[in-house]
Amino acid sequence: MLDVTKIRSDFPILNREVNGKPLVYLDNAATSQTPQQVIDVIVDYYSQYNANIHRGVHTLSQEATDRYEQARQKIQKHFNIAEAHEVIFTSGTTHSINLVANGYTSLLREGDELLVSAMEHHSNIVPWQMLCERTGAILKVIPMNEDGELLMEVYHNLLSEKTKLVFCNHISNALGTINPIEEMISAAHKVGAAVLIDGAQAAPHIKADMQALDVDFYTVSAHKLCGPTGVGMLYGKSEWLAKLPPYQGGGEMIAEVTFEKTTYADLPHKFEAGTPNICGGIAFGAALDYLNSIGLEAIATYETALLKYATEQLLQIDGLKIYGTASDKTSVISFNIEGIHPYDIGTILDKLGIAVRTGHHCAQPIMDFYKIPGTVRASFSFYNTKEEVDTLVTAVQRARNMLL
Ligand code: C6P
């Protein structure tokens with residue numbers, strides 16, 4: 001069991017008021033809040049050892065380099081990654097996916113096929129569409145059913161020796177579906193295709209094991225797991241990272257530069273041009289320490305109970321429909337009330353101190369599938385409580401009464 005009262009005391013922001021009401025923060029899928037333990041690490045960096053890394057011989061630079069590389073090792077350990085150089089620091093999931101998609105330009109031929117799931121965030125659609133435009137490869141969609149579950153039979157039929165890459169989110173940000181990525185990865189490998197899993201929504205809930213999954217690429221954004229914005233990781237198997245050319249040119253990513261020819265640094269530096277988000281990387285490591293001090297299994301159990309309770313309570317409201325009813329699902333509830341625009345509900349909830357996201361959640365194809373303009377999305381974290389769910393339900397009921 002989690003000691004949620006104690007956990008909440010780690011998050012200073014949870015004490016604030018919004019519009020004269022205690023903040024009820026239910027927009028965790030957009031970004032999570034930051035515990036004092038991580039804030040302290042950020043303050044410590046800027047007040048004690050702010051310096052550029054991998055460059056200076058001076059003490060501050062060495063301290064910063066050590067802490068940054070220790071963070072890489074923490075990430076390696078957390079995701080059970082074979083080699084530290086398979087952890088590439090990026091600015092987040094969007095950057096990670098673009099890095100891979102750009103690298104594939106020289107690896108694809110006209111007519112090659114790429115498979116994308118029907119429930120992707122735009123950041124796992126658009127870079128691949130751009131890649132297809134550059135190469136003449138074809139993007140095919142793995143469809144889903146009304147519950148927001150992928151049609152796995154269709155997926156297996158779509159796979160062929162023409163398939164070069166499959167990409168899918170581990171957990172959908174708009175529906176909460178946990179996708180059967182183990183099955184997807186092993187089936188893709190049978191036809192020789194590589195797999196990129198977008199782990200942006202999964203990392204705060206599931207401790208994904210890169211070696212057990214045997215996945216080729218996996219992406220994470222630190223801000224979804226109690227870390228800062230602007231930093232994340234790309235995991236890539238060494239063999240794939242070696243095949244991909246550098247994404248950006250500049251300092252840090254080179255072995256030798258002359259005006260005639262440049263040779264590139266070894267992994268991971270080949271993909272880390274320029275001064276990185278040093279403080280962010282170190283705080284990313286601290287965020288993983290924080291989550292591990294609570295335990296991801298305990299977090300998942302608590303959030304699943306909260307999801308069940310919130311689902312039951314919200315469904316008591318007349319005309320409320322939930323989008324995303326997969327049997328395997330995490331703590332995201334996307335809903336609408338018949339006859340009311342989601343934006344109007346979100347605006348009233350904000351007046352009552354409740355933060356939710358409204359709109360298409362950067363997943364317009366999902367909204368097109370359900371023929372809706374968007375949803376209200378409440379996403380729960382381990383620091384949310386049953387009482388906050390009750391506050392949400394009462395507020396949604398009130399919004400309904402006002403708007404209908
Ligand atoms: N989803 C949401 O409110 P970045 O912005 O690069 O850290 O993450 C992009 C991203 C990629 N994939 C998935 C599944 C995501 O959920 C997100 C971010 C936020 O749902 C902000 S749009």
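**Figure 1. The ligand between two domains of the predicted model.** Because domain 1 (4–30 + 296–403) and domain 2 (39–292) both contribute residues to the shell around the ligand, the ligand lies between them. The model shown here, and in the views that follow, is predicted. The site that holds the ligand is the largest pocket.

**Figure 2. The residues around the ligand.** The ligand is surrounded by 16 residues, and the closest are T94, D198, Q201, R357 and R377. Sorted by class, this shell consists of eight polar, four nonpolar and four charged residues.

Figure 3. Q201 places a polar side-chain atom 2.6 Å from an oxygen atom of the ligand. For R377, an N or O atom of the side chain is 2.7 Å from a ligand oxygen atom. In the side chain of N173, an N or O atom is 2.8 Å from an oxygen atom of the ligand. The ligand taken alone exposes 510 Å², of which the protein buries 87%.

**Figure 4. The largest cavity.** One cavity of 30 Å³ or more is found in a search of the whole structure. The volume of the largest cavity is about 130 Å³. It is lined by 17 residues, of which N28, P204, H205, K224 and F380 are the closest to its centre.

**Figure 5. Make-up of the cavity lining.** Eight nonpolar, seven polar and two charged residues form the lining of the largest cavity. Domain 1 (4–30 + 296–403) and domain 2 (39–292) each supply at least three residues to this lining.

Terms used: Residues numbered from 1 in each chain as written. Predicted model: local features only at pLDDT ≥ 70, side-chain atom pairs only at ≥ 80, totals over all residues. Heavy atoms only, no water. Near = heavy atom within 4 Å. Polar contact = N/O pair within 3.5 Å; in protein donor to acceptor, adjacent residues only side chain to side chain. Areas by Shrake-Rupley, 256 points an atom, 1.4 Å probe, with all protein chains shown as cover. 1 Å grid on protein atoms, 1.4 Å probe; cavity = no way out; pocket = protein on both sides within 12 Å on 5 of 7 lines; lining within 4 Å. Sits in = over half its atoms within 2 Å of the grid points. Nonpolar A, V, L, I, M, F, W, Y, C, P; charged D, E, K, R; others polar. Domains from an automatic or database assignment. Points joined across faces, edges and corners; volume = space filled by probe spheres on them.
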